[in-house]
Amino acid sequence: MTRRRWVAGAGAAAVLGGCERKPRKTAPVSIYRAASYSDDLYALVARIIADHKLDVRGKRVVLKPNLVEFDEHAVINTNPKLIHAALEGFRAAGASDVQIAEGPGHRRVTLDLADAAGYFSAVPRFESVFTDLNLDEVTKVRFRHSNSKLDSLFLPNTILNCDLLVSLPKMKTHHWVGATLSMKNLFGIVPGAVYGWPKNVLHWAGIDETIADLHNLFPRAFSIVDGIVGMEGNGPIQGRSRPVGVIVAGADPVAVDATCCRIMRIDPLRVQYLRLSAPEEQLAEESTAQFGESIASVATEFALLPRLSHLRLAKGGKTS
Amino acid sequence: MELYEHPNFRSLLSSQNPDGGWSYTRGGSWTEPTCYALLALSAAGQSASEEGQRAARWLAARQRADGGWAPRDVVPESTWVTSLLLLLPDGVISREQAHRAVAWILSQSGRESSFLFRLRVRLLGATPPPEQEFEGWPWYPNTAGWVGPTSLSILALRKLVPFGDVQIAAEVDRRVEQGRRYLLARRCRDGGWNHGSSKALGYDSDSYPETTGMALLAMHDSQAPEVVVAQTLAKQQIETCRSCEAASWLRLALLARGFQPTSLVLPDPRNTLELAMERITEAAGRGRNVFIQRT
């Protein structure tokens, strides 16, 4: 089922899959090793598309990176080489159109930010394939089941009208919610032209809750997580780089994020937005069909701020 | 060359929508880019042109019942864009409309500075951070204050024709002073401003050039030592700034403080807002700063 079938404007939003509290079968999650950004990421993305049997022929695909701020000494943003590999990969798989779209939360100068972060040099004719979601046309979308204090949000038409949304976050800790992965990455689709810089309505309505609300609107977003070099400590901006050497992918954002948490040695059952988005048993490691590398073989403990130490996954990988 | 003969000005005019407004890049008309476009026309002495009159009609017709303006017709909420309407040339909106807009702006403040919020923080056993003491302005109602909307609101309220109503005039003065204190309290470790969160969990943040320019422009007549430091930073930032929007704000601020930046050529504009800002900044360099001077 594609995004376009799920969302056909505000009216159809009512039929969107809400947060089903009963367990359901999750889509598989795959873990791939990639030691550095010099690896053949083009082949890797092609493999991901094949492994997950993504049929994007004739479809409109939107790639949503995590482009937040630029600091030459920090690994804040999704690496542009992975974004270009995804662009080429989905094109090669037959997508009729592949766009890159992002709406940074702190700074209005999106294209300058993208330039500084290396997107212009890594992606030929970047401006021709990029949409600033902060300034896009918008449509009001109502939540069928709201976890937060919001009952609706205005969202960019570029996102609402695509057939497949691909969330491409950086694997990072987050100083408020524990980890920022494919689900939290969707904060970037909320338009600054309506809500400002930052999109502070989301914070006041509850960060975990609005992450879950946005996930409910896009429960089948495909995720490709940049875990080649992640960020630990005071993420998502001021943390330290943490090499992991992995890409994590899947068609179920909850399952992907839960898997990434385990890799980071964070207990997904203690991450509130995951608990809001799926019943406990669905978050269990054994509930997710997983292939490629095992979690244990790539697990890399991410340093956590002291106030988040309760999120640490118990030794042995089991929920404490 | 006259300001209105420049290719950027012609590009700006050619992108006006049939309804009189402007989009950010393409599509329907939004309040913010339309305000900046009309400010650019005003800076070029062209606000009375056909394009300027169509833009003025589009904007004037969109005041909401609460006195504010929404960012886009489909959004049923007045937001920070209301402050931009008060920066426009005299006559674009009526005096009565301006009074209602001022009342709306004065009704808005950062939620974190409210008595109830600060009381709640204390009841939870914490001490509200000192920077949350002052009333800034939010982007969106019922949220926290931030540097961008606070800077624009200060500029808007200071550009007003003085009010006959003494009470409102006093409240305007009080809120402007609160806003300026808000900005001083939110400076980053390098002396400039970012979006408004200079400390996160005790970690200091660095400033951005665009918000440093906006805040410095709002504080353009202040000789406070902190503002002088920000001015020095702005001079450094403009030399390396790659963004037209950011460079415009920095240059506008430095010009307003009596400095002619050596960097005369702005980076190429990338959208309506930047096209307008480039022209507004060029006019300021010729002595006509529409954010400060009445037109």
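Let me begin with the contact between the two chains, to which chain A gives 25 residues and chain B gives 33 residues. This is a predicted model, so please take everything that follows as computed from that prediction. On the side of chain A that touches chain B, at least two residues each come from helix 5 (110-116), strand 5 (138-142), helix 9 and helix 10 (200-204) of chain A. If we sort that side of chain A by class, we find 13 nonpolar, 6 polar and 6 charged residues.

I turn now to the helix packing in chain B. In general, a pair of packed helices is described by the angle between the axes together with the distance between the axes. For helix 2 (residues 31-43) of chain B and helix 3 (residues 50-60) of chain B, the axes come within 10 Å and cross at roughly 145 degrees, and the crossing of these two helices is left-handed. From helix 2 of chain B the contact draws on Thr31(B), Thr34(B), Cys35(B), Ala37(B), Leu38(B) and Leu41(B), while helix 3 of chain B contributes Glu51(B), Gly52(B), Ala55(B), Ala56(B), Trp58(B) and Leu59(B). By class, this contact of helix 2 with helix 3 of chain B has 8 nonpolar, 3 polar and 1 charged residues.

The other pair in chain B is helix 9 (residues 209-218) and helix 10 (residues 225-240), whose axes lie 10 Å apart and which pack at an angle of about 135 degrees. Helix 9 and helix 10 of chain B are therefore oblique to each other, and helix 9 of chain B passes helix 10 of chain B in a left-handed crossing. Here the contact is made by Pro209(B), Thr212(B), Gly213(B) and Leu216(B) of helix 9 of chain B, and on helix 10 of chain B by residues including Val227(B), Ala230(B), Leu233(B) and Ala234(B). The residues of this contact between helix 9 and helix 10 of chain B divide into 6 nonpolar, 4 polar and no charged.

Is Leu181(A) buried or exposed? Because 34 C-beta neighbours lie inside 10 Å, Leu181(A) counts as buried, the cut-off for that class being 20 or more. Once neighbours within four places in sequence are set aside, Leu181(A) is in contact with Pro169(A), Met171(A), Val225(A), Asp257(A) and Cys260(A). Leu181(A) and Val256(A), although 75 residues apart in sequence, are 8.5 Å apart in space, C-alpha to C-alpha.

Terms used: Residues numbered from 1 in each chain as written. Chains lettered and ligands numbered in written order. Predicted model: local features only at pLDDT ≥ 70, side-chain atom pairs only at ≥ 80, totals over all residues. Axes fitted to C-alpha atoms, helices over the stretch in contact; angles between N-to-C directions. Helix = DSSP H or I, 4+ residues; strand = E, 2+ residues; numbered from the N terminus. Left-handed = near helix turned anticlockwise from the far one by under 90°. Contact = placed C-beta atoms within 7 Å. Nonpolar A, V, L, I, M, F, W, Y, C, P; charged D, E, K, R; others polar. Buried ≥ 20, exposed ≤ 12 C-beta atoms within 10 Å, placed from the backbone. Parallel < 35°, antiparallel > 145°, perpendicular 65-115°, else oblique.
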